[in-house]
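Welcome, and thanks for taking a look at this one with us.

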Amino acid sequence: MDRKNRPWVRHLLTPPLMLAAAVLVLFEEMAWDTLRRAAGWLARRPPLCWVDPWIAGLGPWGTLALFLIPAAGLIPVKLAAVWLMGSGHPLAGLGVLVAAKVTGTATAAHLYAIGQDKLLTIRWFAWTHAKALALHTLVHDWLNRRPAWVWAVATVRRVMQRIRTLRGGWLSRRWRAARRSVR
């Protein structure tokens, strides 16, 4: 059966795939700074504290190779997640996929923060970086003109503000007291 006889497949699969892509892009954008800080905190701990100075001593091409390794290294993990989903274990596959995404994003964010200056000395990387930032700005300008997007951003901000106010509230005090009593 050729593609011309299956237009319904494209119409059926395009919306969920676009939604999944949007969720992944939004996750990376929203979580980038938080995951970068978490990876930085982890990198300062004793078993890994030698890594950041070592990375800082690399040249631009070594930094680029190190920046690309996590992305390439996670491909087999993501394929394993797809295999798990396809073999009847959708929750396990989803868990592996989410863990791989969080780990990959945290690692990439931290490595980028360390090596950004060196990476931007590579001409094609700087060009690609500038084009990606221009596309990012274009997409955000387009999104900011959409009422649904403006509403969603405002809602997320209200929820996050509410969560921040809860941190100093009764639940937060109970949590700290429970942690002190366990020590």
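**Briefing on the predicted model**

Of the 183 residues in the chain, 20% are buried. Please keep in mind as you read that this is a predicted model. Its secondary structure amounts to eight helices and zero strands.

**Overall fold**
- Helix H1 covers residues 7-43, helix H6 covers 123-144 and helix H7 covers 147-167, while helix H3 takes in residues 60-73.

**The second largest pocket**
- The volume of the second largest pocket comes to about 550 Å³.
- Its lining is made up of 16 residues, and the elements that each give two or more residues to this lining are helices H1, H6 and H7.
- Which residues lie nearest the centre of the pocket? They are Glu29, Met30, Val153, Val156 and Arg157.
- Sorted by class, the lining has eight nonpolar residues, three polar ones and five charged ones.

**The nonpolar surface patch**
- Five residues form a nonpolar patch on the surface, namely Met30, Val156, Val159, Met160 and Ile163.
- Together, these patch residues have about 440 Å² of accessible area.
- Helix H7 supplies the largest share of the patch, with four residues.

**A closer look at Ile163**
- Is Ile163 buried, partly exposed or exposed? Its relative accessibility is 39%, so Ile163 counts as partly exposed, because that class runs between the 20% limit for buried and the 50% limit for exposed.

**A closer look at Phe67**
- Phe67 sits in helix H3.
- With a relative accessible area of 18%, Phe67 is buried, because the cut-off for that class is under 20%.
- How far apart are Phe67 and Ala109 in sequence and in space? They are separated by 42 residues along the chain, and their C-alpha atoms are 9.2 Å apart.

Terms used:
Residues numbered from 1 in each chain as written. Predicted model: local features only at pLDDT ≥ 70, side-chain atom pairs only at ≥ 80, totals over all residues. Heavy atoms only, no water. 1 Å grid on protein atoms, 1.4 Å probe; cavity = no way out; pocket = protein on both sides within 12 Å on 5 of 7 lines; lining within 4 Å. Points joined across faces, edges and corners; volume = space filled by probe spheres on them. Nonpolar A, V, L, I, M, F, W, Y, C, P; charged D, E, K, R; others polar. Patch = residues over 30% accessible without salt bridge, like charges linked within 9 Å, V, L, I, M, F, W, Y side chains within 5 Å. Areas by Shrake-Rupley, 256 points an atom, 1.4 Å probe, with all protein chains shown as cover. Salt bridge = Lys/Arg side-chain N within 4 Å of Asp/Glu carboxyl O. Buried < 20%, exposed > 50% of the residue type's maximum accessible area, 1.4 Å probe, protein only.
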